[in-house]
Amino acid sequence: MRNWKRVAGLLLATLALPGCSLFSGEEDVVKMAPLPKVESRFQAETLWSRSVGGGVGKFFSRMSPVIDGEHIFAAARDGKVQAFNKQSGERLWSRDLSDLPVNEVRRSPRLASLSAAYGNLYVGSENGHVYALSQENGDLVWQADVPGEVVAAPAVEAGKLVVLTTAGRLVALDADTGEFLWGASDEQPNLTLRGMSQPVIVSGGVLYGLADGKLAIVLLENGQLVNVAKVSSPRGLTELERMVDVDAMPVVQGDELYMIAYNGQLVARKLISGEELWKRKYSSYQDISIGGQDLVLTDERSYLYAVDRSNGREKWSNTQLAYRNLTAPLALGELVVVGDSEGYLYWLDQADGRIVSMQRLDSDGLYVAPLVDGDMLYVQTRGGDLVALKRP
């Protein structure tokens, strides 16, 4: 059963990539919407662009650059990790983790996630390995094995590094030494999506999505289970129809919690009491963005929506980019920005969802939401370029 789960996960990841079909030579299962015709109001100015190794290629990945202080860090799946000055793009150091002694199973690091805190850069891999590098010079501080792939960025707080693996294990490590502190496990369905929810630490609790359509909360101190909330329930006759993974990162705003499931729904709850405020039928595995009073999301068909977070009322939808394999959206003031698998970056009016501008950054494609910092916007491409744009 585990082998079937792995094969199915790889199949789903393959189908998520542009131009892929079930059988060579056959027509695509779904048709990508044609490139929209847009009279762009503006073009975001490229301030600098740097290469970060070979990027992530055609593999499933959510590995995003991270910012800490004046530095931005980025990595490539093949093991290269680099640090840059976030304003000038000056390369500060470069480290190749493929140079580390590894066993026969881990010939390539297959890097998959990044987090930054406490002067360290924490790097997760598909090989079930976590590395801590010095932010100052890239030196290895420690390395540790965990049970499963680390494709979601770890969460860091109170001296603990919390990692959620694809095996359904939540593990806490000492952020300074890599020492194992505690672990919690959840039973995985037979078939799941190729991805995991990024854990969120709030008020001494760790919130994370499960592959069975639930969200769990455990104590950061010791991993003790506090609560499990249902986001969606499996429905249908086949394993595919019954997939309800909560792969999006939980979103906490004040005393409210927002969650979304694949093949499921968007749910708003009170953070402490767990009281359900509202729920609406949406399906997504991408992270949600908050823009003012709105929740902005990309569903599995690459439709974009804005939903009033006070009552769940849909404000607008945009289907022009259907099946263009959109990234998660990023709400920026009066705009929403999102990328696609052909390397285009789109800017939408947050008030009504109209595309007001678009520009192509890289023909290799975009795969994760842009990262915003002050008046700068950072985008990492599949080909490994890290691009800094001036925010419109």
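Me: In the protein chain, 47% of the contacts between residues at least 6 apart in sequence join residues at least 24 apart. What makes two residues count as a contact here?

Reply: The criterion is heavy atoms within 4.5 Å. The model is predicted, and local features need pLDDT of at least 70, side-chain atom pairs pLDDT 80 or more, whereas totals for chains, interfaces and linings use all residues. Residues are numbered from 1 along each chain as its sequence is written, and side-chain values use heavy atoms, with hydrogens and water left out.

Me: How many helices and strands does the protein chain have, and what makes a run count as one?

Reply: The chain holds one helix and 32 strands.

Me: Why are S6 and S9 called edge strands?

Reply: The four strands form an open antiparallel sheet in the order S6-S7-S8-S9. S6 (111-117) and S9 (140-145) each pair on one side only. Neighbouring strands of this sheet are turned by 20° against each other on average, direction ignored; the axes behind this angle are lines fitted to C-alpha atoms.

Me: Why is S7 described as largely enclosed?

Reply: A residue is buried under 20% relative accessible area, exposed over 50% and partly exposed in between (1.4 Å probe, protein chains only). Six of the six residues of S7 are buried, so the rest of the structure largely encloses this strand. Both of its faces are covered, with Asn120, Tyr122 and Gly124 on one side and Leu121, Val123 and Ser125 on the other. In a regular strand the side chains alternate between the two faces of the sheet. Across the 392 residues of the protein chain, 53% count as buried.

Me: Why is the pair of Tyr122 and Trp142 called tilted?

Reply: Rings of Phe, Tyr and Trp (its six-membered ring) pair if their centres lie within 6.5 Å; planes under 30 degrees apart are stacked, over 60 edge-to-face and the rest tilted. For Tyr122 and Trp142 the centres are 6.0 Å apart and the planes at 40°, so the pair is tilted. Tyr122 lies in S7 and Trp142 in S9, so the pair ties together parts 20 residues apart in sequence. Tyr122 and Trp142 are both buried.

Me: How do you know that Tyr258 and Trp278 form a tilted pair?

Reply: Their ring centres are 6.4 Å apart and their planes stand at 40°, so this pair is tilted. Tyr258 belongs to S19 (residues 256-260) and Trp278 to S21 (residues 276-280), so the pair ties together parts 20 residues apart in sequence. Both Tyr258 and Trp278 are buried.

Key
Helices (H or I, at least four residues) and strands (E, at least two) are DSSP runs, numbered from the N terminus. Two strands pair if DSSP finds at least two bridges between them. Axes are lines fitted to C-alpha atoms, for helices over the stretch in contact, and angles run from 0 to 180 degrees between N-to-C directions.
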